[in-house]
Amino acid sequence: MSITVRPLESADWPDVHRVYADGIATGHATFETEPPTWGHFDAGKRSDLRLVAEDDGRVIGWAAGSPVSSRLVYEGVVEHSVYIDPAARGRGIGTTLMEAFIAEAEAAGVWTIQSSIFPENTASLSLHDKLGFRRVGQRERIALMTYGPLAGVWRDTVLIERRGNSPSRTYQRLRRCLLVDHEEQRRRSDTS
C-alpha cells in the first residue's frame, strides 16, 4: 500500500465525484441526493483545506472543509467532510487523510473542525473519536431523507467537533481584525 495525501486539484474531480457518489449511495453519509457540480464544490470549500488520498496514483478518498459563516468571528471554524472509496475502507485511509486534514487546518489557523454524522455511520464516528473529536450533541429528526431505501425516514445527526491544540496565534489575529473592524465602525458613526 503506497498512500499519498496531497492537495485536491480540479483534475481530481471525476474521482472525487465517484467517491462522493459511492458515499451518498450508502444512505448514511449525507442528506445530499447526488454530488454537486465541480463549480458548486469549488465555491463551497476552502481552497486551502481540500485533500485527496491516492493509492498508486488512484484517488481513493478525499476530505474538505467549508466555512461555517462569512462572519469574521467564525474565520477559524470549518465544517468538514471525509469520504473513502468503498474498496479502500478498513485500511486506515480515513485516519491518514484526517490526520493530514487536521494538520492543514491547524496550520491555516482553524481552531474548530466540526461536522454532523448520522448515528448509523459507526465507522465515521469511530474514526473521529480516535482523532480527538468529541460528541457535543445529537439533533433528533433534523431532516427527512428524500431518496433511496430511506426515503421518507426522519434522520438524526450527531454533532462532533475538535478544538485545535494551539489556537492562540489565530485568536490574536482574529482579535486584531475585530479591533480594526470595531475602530472602522466607530469612525463611520462619528462622521455620520
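User: Is F118 buried or exposed?
Analyst: This is a predicted model, where local features need pLDDT of at least 70, side-chain atom pairs count only at pLDDT 80 or more, and totals for chains, interfaces and linings use all residues. Residues are numbered from 1 along each chain as its sequence is written, and side-chain values use heavy atoms, leaving out hydrogens and water. Buried means under 20% relative accessible area, exposed means over 50%, and partly exposed is in between (1.4 Å probe, protein chains only). F118 comes in at 3%, so it counts as buried.

User: What kind of aromatic pair do F31 and F118 form?
Analyst: Rings of Phe, Tyr and Trp (its six-membered ring) pair if their centres lie within 6.5 Å; planes under 30 degrees apart are stacked, over 60 edge-to-face, and the rest tilted. Here the centres are 4.9 Å apart and the planes sit at 85°, making the pair edge-to-face.

User: How far apart in sequence are the parts that this pair ties together?
Analyst: F31 lies in the loop between α1 and α2 (38-44). F118 is in the loop between β5 (112-117) and α4 (122-130), so the parts tied together are 87 residues apart. Helices (H or I, at least four residues) and strands (E, at least two) are DSSP runs, numbered from the N terminus. To repeat the separation: 87 residues.

User: Why is the pair of Y20 and Y83 tilted?
Analyst: Both residues are buried. Their ring centres are 4.8 Å apart, and the pair is tilted because the planes are at 50°.
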